Amino acid sequence: MRTGFALAILMLSGLAATQVAAAPVAELKLVSEHPVDGMRGGNLSGLALCGKELWTVSDRDDDQIYRLDTRAAVWKAEKYGIVVPPVPESGLPWGLRSRTKAASFIRGGDLDFEGISCDAEGNRYIVSEAHAAVLRVPFSGEQGDTEWLKIAPGMVREARASGMLLHFNALFEGLAISPDGNQIWLAAERERRGLISIKRGQSVWDCEGACVLLSEAGKDVQPAKFTNAKAVSKDFADLALFNGKLFTLERNAFQICRRDPATAKVELCWSFADETLAPERRYAQPYGLAEALLIDAEGAWLGIDNNFGPRADGEKRPMVYRFAAPAGGWSARP
């Protein structure tokens, strides 16, 4: 009798957990959309707000980043040349680095810039997926003042020991930096995806305790509106920091999730599937294409890396979508 009662309780608990897990997340509402002109390599791969200016990067351009002129509906990307010093050793194995180097001859972009973030002083930090490294572009100074951060090699070792950074083209896909410029969060893309935190020390950036906040395998089912929807690897495409919370861009799930910056625990998620999968905005590509995320009090900026492929309406330029903040704001309780 007791065993049967306990089993019933467990079954009900499991059902409740399933129902909670399956509960739909709120849909964000689209406010505007902006094609971006002037990116030599296309492939918009990150967004950052530095003061009052929006900046972006392309994963095909090693020698320039872009300031965005947002005064018209069609945005203009204004190039900002950078001189990049030799990349330091990060601890990635030779086989992985050689595959990345070979790919760069075909697609362009040896550094594979995949994310950009700014501190309160306006210094820009750019993550190189190919080299698992972070480039600092100072707010002021000469172009040659750019520098690679000195990151303790234990960071890459710990990430790989946790199952991340093992596969070609599945390394660091985004970063966020604290306003004071003393802490960086890095997002490992997929197979396994994860989040890492490092802090600035006297001579190097290192982990304070464990480097890895999250290492996660598994699959997400693409939204029902997605053409030929299927289960695909969970991934992170970018990070943003706002009001002390970390926001992850989860490309294949078509959602943005708010997380605790110390534990990476999910607190709440919002979907952008309905708007970006409207018939005229669909792309004939098998995966989600959102690659850039920026959060502010009024809403979210979401950048699309379309790999030069057209939308259903024929638009081929990179796109940035503006979404309104959710009801109750980004700090709403679950």
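Is Cys207 buried or exposed? Cys207 is buried, with a relative accessible area of 16%, where buried means under 20% relative accessible area, exposed over 50% and partly exposed in between, computed with a 1.4 Å probe on protein chains only.

Before going further, note that this is a predicted model, in which local features need pLDDT of at least 70 and side-chain atom pairs count only at pLDDT 80 or more, while totals for chains, interfaces and linings use all residues. Residues are numbered from 1 along each chain as its sequence is written, and side-chain values use heavy atoms, with hydrogens and water left out.

**First stop: Cys207 and Cys211**

The link of Cys207 and Cys211 is right-handed, with 85° about the S-S bond. Cys211 is buried as well, its relative accessible area being 2%.

**Second stop: Cys257 and Cys269**

Select Cys257 and Cys269 next, and you will find another disulfide, with sulfur atoms 2.0 Å apart. Cys257 lies in strand E20 (residues 255–259) and Cys269 in strand E21 (residues 266–271), so the pair ties together parts that are twelve residues apart in sequence; helices (H or I, at least four residues) and strands (E, at least two) are DSSP runs, numbered from the N terminus. The torsion about the S-S bond of Cys257 and Cys269 is about 105°, so this disulfide is right-handed. Both Cys257 and Cys269 are buried.

Now move to Cys50 and Cys118, which form a disulfide with sulfur atoms 1.7 Å apart. This pair links distant parts of the chain, 68 residues apart, with Cys50 in strand E3 (residues 44–50) and Cys118 in strand E7 (residues 113–118). Cys50 counts as buried at 9% relative accessibility, and Cys118 counts as buried at 12%.

With these pairs displayed, the count comes to three disulfides, and numbering the bonded cysteines of the protein in sequence order gives the pairing 1-2, 3-4, 5-6.

**Last stop: Tyr283**

Finally, select Tyr283, which is placed in the loop between helix H4 (273–276) and strand E22 (290–296). Although it sits in a loop, Tyr283 counts as buried, because its relative accessibility is 15%. Leaving aside neighbours within four places in sequence, Tyr283 is in contact (heavy atoms within 4.5 Å) with Leu289, Ile304, Asn306, Gly309, Pro310, Arg311, Met319 and Tyr321.

Notes: Disulfide = S-S within 2.5 Å.
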